[in-house]
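Please walk me through this structure in plain terms. I have not seen it before.

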Amino acid sequence: MLELIKVNPSSGEPIYRQLHEQIVRLIVGGQLQVDQVLPSVRQLAEHLAVNPMTVSRAIQQLVEQGWLERRRGQPTRVANRQSNDDTSGPQLLVPQALDLINQAKQLGISLEELQTLLSQQWDK
């Protein structure tokens with residue numbers, strides 16, 4: 001699982017948020033299954049070369065939102081969560097899609113040109 005998570009410290013987005021979003025995507029995408037054990041906060045922090053408090057913050061938010069569960073004396077696991085329309089794969093991409101659409105409009109790129117570009121990149 002560690003190899004699936006990467007953070008970009010120079011991104012404008014906080015590291016805890018990057019980590020949070022990536023774990024949600026891994027769960028929704030099926031790479032992380034219900035009851036699967038996650039690495040410890042310390043292991044994640046070492047792998048990502050970030051402060052353990054940053055990882056802990058992301059994990060705590062995921063627990064509060066019902067994505068993960070913690071039990072005293074046991075490792076953190078993926079929670080059994082009922083699927084929701086707002087947590088489907090396509091719904092998770094809406095913010096990035098809106099950013100891409102806004103950038104395309106600013107550059108004067110038509111919908112057809114954007115679709116062609118996406119199709120070309122999809123096949124790579």
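**A walk through the chain**

Histidine 20 touches Ala58, Gln61, Leu62 and Gln65, leaving out residues up to four places away in sequence; contact here means heavy atoms within 4.5 Å. The model is a predicted one, in which local features need pLDDT of at least 70 and side-chain atom pairs count only at pLDDT 80 or more, while totals for chains, interfaces and linings use all residues. Residues are numbered from 1 along each chain as its sequence is written, and side-chain values use heavy atoms, with hydrogens and water left out.

Histidine 20 belongs to helix α1. Helices (H or I, at least four residues) and strands (E, at least two) are DSSP runs, numbered from the N terminus. With a relative accessibility of 12%, histidine 20 counts as buried. Buried stands for under 20% relative accessible area, exposed for over 50%, and partly exposed for what lies in between (1.4 Å probe, protein chains only).

The chain as a whole can be set out next. Its secondary structure comes to six helices and two strands, and from the N terminus on the elements run α-α-α-β-β-α-α-α. Taken along the principal axes, the C-alpha atoms fill a box of roughly 55 × 35 × 25 Å. Of the 124 residues, 25% count as buried. Among contacts with a separation of 6 or more, 52% are between residues 24 or more positions apart. The accessible surface comes to about 8700 Å², and 51% of this belongs to carbon and sulfur atoms; such areas come from the Shrake-Rupley method with a 1.4 Å probe, and for residues only the protein chains shown count as cover.

Two further residues of helix α1 can be followed in the same way. Tyrosine 16 is found in this helix and is buried, with a relative accessible area of 12%. Leaving aside neighbours within four places in sequence, tyrosine 16 is in contact with Thr54, Arg57, Ala58 and Gln61. The side chains of tyrosine 16 and arginine 57 are joined by a polar contact of 3.3 Å. A polar contact is a pair of N or O atoms within 3.5 Å; within protein, one must be able to donate a hydrogen and the other to accept it, and residues adjacent in sequence count only if both atoms are side-chain atoms. Glutamine 18 also lies in α1, and at 7% relative accessibility it counts as buried. Its side chain reaches the backbone nitrogen of asparagine 8 at 2.7 Å. Not counting residues up to four places away in sequence, glutamine 18 touches Val7, Asn8, Ser11 and Glu13.

Helix α2 comes next. Leu44, Ala45 and Leu48 are its buried residues named here. They cover an arc of only 100° around the axis, which puts them on the same side of α2; the arc is that of the directions from the helix axis to the C-beta atoms. Arg42 and Glu46, on the other side of α2, are exposed. The buried residues of α2 pack against α1 and α3. Just after α2, alanine 49 takes a positive phi of about 55°.

Helix α3 covers residues 52-64. How far apart are its end C-alpha atoms? They are 18 Å apart, which agrees with the 18 Å that 13 residues should span at 1.5 Å a residue; the expected span is 1.5 Å times one less than the number of residues. The buried residues of α3 are Val55, Ala58, Ile59 and Leu62. Seen down the axis, they fall within an arc of 95°, so they line one face of the helix. Met53 and Glu64 are exposed on the other side of α3. The cover over the buried residues of α3 includes α1 (15-28), α2 (41-48) and β1 (68-69). At the N-terminal end, asparagine 51 caps α3, with a side-chain oxygen 2.7 Å from the backbone nitrogen of methionine 53. Just after α3, glycine 66 takes a positive phi of about 90°.

The last topic is the core. In soluble globular proteins, nonpolar side chains tend to be buried together. The largest nonpolar core has 22 residues, of which Ile5, Ile23 and Leu68 touch the most other members. Such a core is a set of buried Ala, Val, Leu, Ile, Met, Phe, Trp, Tyr and Cys residues joined through side-chain atoms within 4.5 Å. Helices α1, α2 and α3 each supply at least two residues of this core, and the largest share, six residues, comes from α1. Isoleucine 23 touches Ile5, Leu32, Leu38, Ile59 and Leu62, not counting residues up to four places away in sequence.
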